[in-house]
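Welcome, and please open your viewer.

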Amino acid sequence: MLMGYGLALAILRELYLHWRDAWREPDSFDAILNMVKDACFTSHENETFPLNTQQKIRLTRQFMRRDRQLYGPSDRARLYNIAKLAALYEEDMNLTRAAAWYDYGLKICHANKDREEFQNIGKFKLACAYFYRDRNQNQEALRLIEEVLLLMVEAPPEEQRRLGKDVLLQKVRLLERLNHQELESSVGELLSLYEDEHGPVSQAVLDLLIELATLNLGAGGKARLETHRRLLEEAISVQTALGEESLHNARCLEELARFYTFKQHEQVDFSTFKQSETNCFRTFKPPKTQCFCTFKQPKTDCFCTFKPPESDRFSTFKRSKPSHEEALRRKAAQINAIHRIKSLPYQGFLDDMELAASFYEERNQGGDSTTAFQLRRRAQLIRKGEIKLRA
């Protein structure tokens, strides 16, 4: 009888604490039931390795109780294990309890809104957004993803490179589901990130264009993506089949540069964009004489790989559309110079030799450094008069 009275008092005490706790957890009643069960029954469960889902849940709850005692009920450090627990409930197909824990974690995020950072709050909101997305709660998921993008600006560069493109891609898909008016601007922003990371002439950008072509865009957006896809596919095919130093590749790069110039205008109809008469597969004959005496080294370099400096990548997720036409035109000029210097001499050929050397120096594949050195050395000897060229 005394044990029964003691158990009843313990239950009343737990109920009182539950009622007074502003941060009571979704499974707080389970703790009371487990207390009664442990007091009335002696049970033993053999541990299995690897742990099953229920055992992982109980182990995670132990960590969460420790976090609450160490950091307090509303500290953002608790969010890591809360997200782990909610993911385990998803794995166990207990979606109601998973949703309850996500809501509980968002309550903690709101309590720390003046001290938001990506490491805890941003990652938790991202996991929560994916959960809402899978439950077709698209508006709530979109709101959380936009908050994550704002926090990601201050995240470490490694996190930005690892998650930035995927988060923006999820945002684009949610905007399509909601028929949102910001869909096309977000598509351009996502494409800009891929171009800055991989370069405008890359298979990753082409794969993204093919995927974005399936979106429910307007007629103008579809025409822009289709034109971009066609030009990029042609450029990659020519590079693969004929190599980077091919004159046909130079023509493709010039066409792609013209497309980037064309799309900078806000009000354009991409159905009117046509390739120039000298396209990638026409027979190209270089002029006999062409003056490049006024050639000057651009202020920015590294145009061969089309990759910006490490510190510039992912600096912000609210940027203007990238401008790669200068890089594309310079690479096309380098390729043209490589072929022109095969028929020396002509006016301005020394500048062409420097331009050709810069192509090999920037590409920097096997033997390119030696080729660049030899071109510059030969130009130096010609200037000194130690090598005589016949007209």
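**Before you start.** This is a predicted model, in which local features need pLDDT of at least 70 and side-chain atom pairs count only at pLDDT 80 or more, while totals for chains, interfaces and linings use all residues. Residues are numbered from 1 along each chain as its sequence is written, and side-chain values use heavy atoms, leaving out hydrogens and water.

**Stop 1: everything.** Show the cartoon: the protein has 15 helices and zero strands. Helices (H or I, at least four residues) and strands (E, at least two) are DSSP runs, numbered from the N terminus. Of the 391 residues, 42% are buried, meaning under 20% relative accessible area with a 1.4 Å probe, protein chains only.

**Stop 2: colour by confidence.** pLDDT is the predictor's confidence in each residue, from 0 to 100; its mean here is 79. Select helix α4 (residues 79-91), where confidence is highest at a mean of 94, then helix α2 (residues 28-40), where it is lowest at 58. Next, select residues 281-322, where the pLDDT is below 50. Where pLDDT is low, the predicted coordinates should not be read in detail.

**Stop 3: a helix pair.** Select α9 (residues 183-198) and α10 (residues 203-212), whose axes, lines fitted to C-alpha atoms over the stretch in contact, come within 9 Å and cross at roughly 165 degrees. The two are therefore roughly antiparallel, the word for angles over 145 degrees on a scale from 0 to 180 between N-to-C directions. Now show side chains: residues including Leu190 and Tyr194 in α9 meet residues including Val205 and Leu208 in α10, with contact meaning heavy atoms within 4.5 Å.

Methods:
Parallel < 35°, antiparallel > 145°, perpendicular 65-115°, else oblique. Buried < 20%, exposed > 50% of the residue type's maximum accessible area, 1.4 Å probe, protein only.
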